[in-house]
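I opened this model to go through its fold, its core and its aromatic contacts. My notes follow in the order I looked things up.

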Amino acid sequence: MRRRNYTAATLALAGIMAFGGTGVLFHNISSAREEDMVSVGKQTADSAEQAQAAEEWEGMIGTKKVYQEREKIYLPEGAKIKEESKEEGMARYKIAWNGREIFYLKSGSERESQSDISIGDAVMIAEKAVDRYSGQDVSGRDVSISLERNVPEEDDPAFAPIDGDSGSMSPAINRKNYGIRYYCLSIDGVGSHSYILRINSVTGEVFGYADFYEKDADGFQGYHDGEAVKKAKPEFSSIAGKFVTQSLELGKVTEYYAFHSGLMETEKATRETFDVYCRTEENDIVVVTLDQESKRVLCFEINPLLGE
């Protein structure tokens, strides 16, 4: 078994949101550099339930936002800035809105525009996503958020390192999400769960999601490289395919490839994982990472920039 590194985009999730003193999420990810981010899969098989969920999802977009001239940011209507600090070209805001606190990091490179959904919309979409994919209710919990651009960490349109030890390179395998602007959010979950999401800042699509789950798999004998991985492929492919088709509603999966076992490491736990790349009939690529023991989806990424 090998330790996988997260893609550059995933690293942005874990690194860009370091809010000093807020106590929100990222301090508990010690060596979390697993390549394929994936979420927990609560699958909705009933078509009527799926249609209702889609209608509710669409109804979340549209929170009125108000431009703050001095800070050069948009806030949801009714939001109040409680604290503000600036350092090294970045501004941090502690915002009270709708019964929660939002810790907003504004970088010097990406600014909101009128075409972006409000950060209030992004927060509500994130809460709905966590409930849909994990079954946990995180409504009203504090959220960290920043606006980012989806490019490889090395700012190279075609290649970027994916293995810090070997320095190996991998070509971009899908450019559908290349260069888009997105909100990166983190939410503390219930108990030992922590969530990170990437949401397209214009369309509201959740294209990246991870549940960092602090539960050790002590004594579990996982599927490692070689024959064990080969034997596990059908079962994990089936789980990943149903998740892509039913939960993400991205259509039929036509190909499964790039199977790997790996580890997701957090401060207090290590999870044995299994990665599956799925290609859909619409030529979307979804990388799904599952917990080997529980067979649940831990993370997903839609149309990642880098190869496996």
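Among contacts in the protein chain between residues at least 6 apart in sequence, what percentage join residues at least 24 apart? I get 66%. I note here that the model is predicted.

**Overall.** I counted four helices and 15 strands in the protein chain. The chain has 308 residues, and 54% of them count as buried. I put its accessible surface at about 13,200 Å², with 45% belonging to carbon and sulfur atoms.

**Core.** I looked for nonpolar cores next. The largest one holds 54 residues, and L185, L197, Y209, V288 and F300 have the most contacts inside it. Helix 3 (residues 119-134) supplies the largest share of this core, eight residues. I also found a second, separate core of six residues, among them I196, A210, F212 and L298.

**Helix 4.** I checked the length of helix 4, which covers residues 227-247. At 1.5 Å a residue, its 21 residues should span 30 Å, and the end C-alpha atoms are 30 Å apart, so the two values agree. I still found a kink of about 45 degrees at K233, shortly before the proline P234.

I then asked which residues of helix 4 are buried. They are V229, A232, F236, S237, I239, A240, G241, F243, V244 and S247. In an α-helix, residues three or four places apart point the same way, because there are 3.6 residues a turn. The buried residues of helix 4 pack against helix 3 and against strand 12 (253-265), strand 13 (270-280), strand 14 (285-291) and strand 15 (297-302). After helix 4 comes E249, and I note its positive phi, near 55 degrees.

**Aromatic pairs.** I found twelve aromatic pairs in the structure. For Y182 and F207, I have ring centres 5.6 Å apart and planes at 90 degrees, so this pair is edge-to-face. Y182 sits in strand 9 (residues 181-188) and F207 in strand 11 (residues 206-213), so I looked at a pair linking distant parts of the chain, 25 residues apart. Both Y182 and F207 are buried.

Y257 belongs to strand 12 and Y277 to strand 13, so the pair ties together parts 20 residues apart in sequence. Y277 is buried, and its relative accessible area is 0%.

Last, I noted one aromatic cluster, formed by Y133, Y195, Y209, F243 and F300. Of these, F243 is in the list of buried residues of helix 4, and Y209 and F300 are among those with the most contacts inside the largest core.

Note on methods:
Residues numbered from 1 in each chain as written. Predicted model: local features only at pLDDT ≥ 70, side-chain atom pairs only at ≥ 80, totals over all residues. Heavy atoms only, no water. Helix = DSSP H or I, 4+ residues; strand = E, 2+ residues; numbered from the N terminus. Buried < 20%, exposed > 50% of the residue type's maximum accessible area, 1.4 Å probe, protein only. Contact = heavy atoms within 4.5 Å. Areas by Shrake-Rupley, 256 points an atom, 1.4 Å probe, with all protein chains shown as cover. Core = buried A, V, L, I, M, F, W, Y, C linked by side-chain atoms within 4.5 Å. Expected span 1.5 Å × (residues − 1). Bend = angle between axes of the 7 residues up to and from the residue. Phe/Tyr/Trp six-rings, centres within 6.5 Å; stacked < 30°, edge-to-face > 60°.
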